[in-house]
Amino acid sequence: MIDLFDEFKNLIAALEQAHLEYAVCGGLALTIHGLPRATIDMDFLILAESLDSVTAVAREHGYRLKAMPMTFAGGAVKIHRVSKVDQESGDLLMLDLLLVSPQTQDVWETREKVEWESGFIQVVSRAGLIALKSLRGSGQDLVDIQNLRESEQ
């Protein structure tokens, strides 16, 4: 069985060791900002020019199953998904790499470096997370936005 937290820690350590810039986003970013919720994947905002390097690091950690690139919000968000399959259980863990675009440049520029158990971790700001989730606007995104706004009061 794949342990999401262990996978997350290992991937963060590898990205830091490779000196690759990233910003955690999605459900794990909510948790980092103090609003834990269940999630089944990892989401990172990265620079487009880092895609090959980040994908190579992920591949070293078993993320070898590539999906076709996805876009939403009229092309404002481009996602490259790579997944890892646990050989024993058959469990699948997805890693979504969101590329910085002109529409998400502010989210990238306002990312934060926060203290974490094994040093520091880069994460999108609360405002950046709201902006990203507003672009997609799914039911879960709307709940997350509401929770982020309520927690600021």
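Biologist: Does Asp-144 count as buried or exposed?

Modeller: This is a predicted model, in which local features need pLDDT of at least 70 and side-chain atom pairs count only at pLDDT 80 or more, whereas totals for chains, interfaces and linings use all residues. Residues are numbered from 1 along each chain as its sequence is written, and side-chain values use heavy atoms, with hydrogens and water left out. Buried means under 20% relative accessible area, exposed over 50% and partly exposed in between, with a 1.4 Å probe and protein chains only. Since its relative accessibility is 2%, Asp-144 counts as buried.

Biologist: Which residues is Asp-144 in contact with, leaving aside its neighbours within four places in sequence?

Modeller: Asp-144 is found in helix α6, residues 139-152, where helices (H or I, at least four residues) and strands (E, at least two) are DSSP runs numbered from the N terminus. Contact means heavy atoms within 4.5 Å. With neighbours within four places in sequence set aside, the contacts of Asp-144 are Leu-30, Arg-37 and Lys-133.

Biologist: At what N to O distance do the side chains of Asp-141 and Lys-133 meet in a salt bridge?

Modeller: A salt bridge requires a side-chain nitrogen of Lys or Arg within 4 Å of a carboxyl oxygen of Asp or Glu. Asp-141 counts as buried because its relative accessibility is 4%, and Lys-133 likewise counts as buried, at 6%. Between these two side chains the salt bridge has an N to O distance of 3.0 Å.

Biologist: Asp-43 is buried yet has no salt bridge, so how far away is the nearest side chain of opposite charge?

Modeller: Asp-43 lies in strand β2, residues 41-46, and, not counting residues up to four places away in sequence, it touches several residues, among them Cys-25, Asp-96 and Leu-98. For charge, Lys and Arg count as positive and Asp and Glu as negative, while His and the chain ends are not counted. The nearest side chain of opposite charge to Asp-43 is that of Arg-81, at 6.2 Å.

Biologist: Which side chain meets Lys-84 in a salt bridge of 2.9 Å, N to O?

Modeller: The salt bridge of Lys-84 is made with Glu-7. The pair links distant parts of the chain, with Lys-84 in strand β5 (residues 77-85) and its partner in helix α1 (residues 4-17), 77 residues apart.

Biologist: How many bridges join β5 and β6?

Modeller: Two strands pair if DSSP finds at least two bridges between them. Strand β4 (residues 70-72) runs antiparallel to β5 and is joined to it by three bridges, with Phe-72 opposite Val-77. Between β5 and β6, Val-85 has Leu-92 as its bridge partner, and the hairpin has six residues between the strands, with a positive phi of about 80° at Gly-90 in the turn. The sense of pairing of β5 and β6 is antiparallel, and the number of bridges is eight.

Biologist: How many aromatic pairs does the structure hold?

Modeller: Rings of Phe, Tyr and Trp (its six-membered ring) pair if their centres lie within 6.5 Å, and planes under 30 degrees apart count as stacked, over 60 as edge-to-face and the rest as tilted. By this rule the number of aromatic pairs is four.

Biologist: Why is the pair of Phe-5 and Trp-116 edge-to-face?

Modeller: The ring centres of Phe-5 and Trp-116 are 6.2 Å apart and their planes stand at 70°, so the pair is edge-to-face. Phe-5 lies in helix α1 and Trp-116 in strand β7, so the pair ties together parts that are 111 residues apart in sequence. Phe-5 is partly exposed, with a relative accessible area of 40%, whereas Trp-116 counts as buried at 17%. The reason asked for is the angle between the planes, 70°.

Biologist: How far from the centre of the ring of Trp-108 is the charged end of Arg-111?

Modeller: A charge sits over a ring if NZ of Lys or CZ of Arg is within 6 Å of the ring centre and within 35 degrees of the ring normal. Arg-111 counts as partly exposed, because its relative accessibility is 24%, and its side chain also meets that of Glu-21 in a salt bridge of 2.5 Å, N to O. The charged end of Arg-111 sits over the ring of Trp-108, and its distance from the centre is 3.8 Å.
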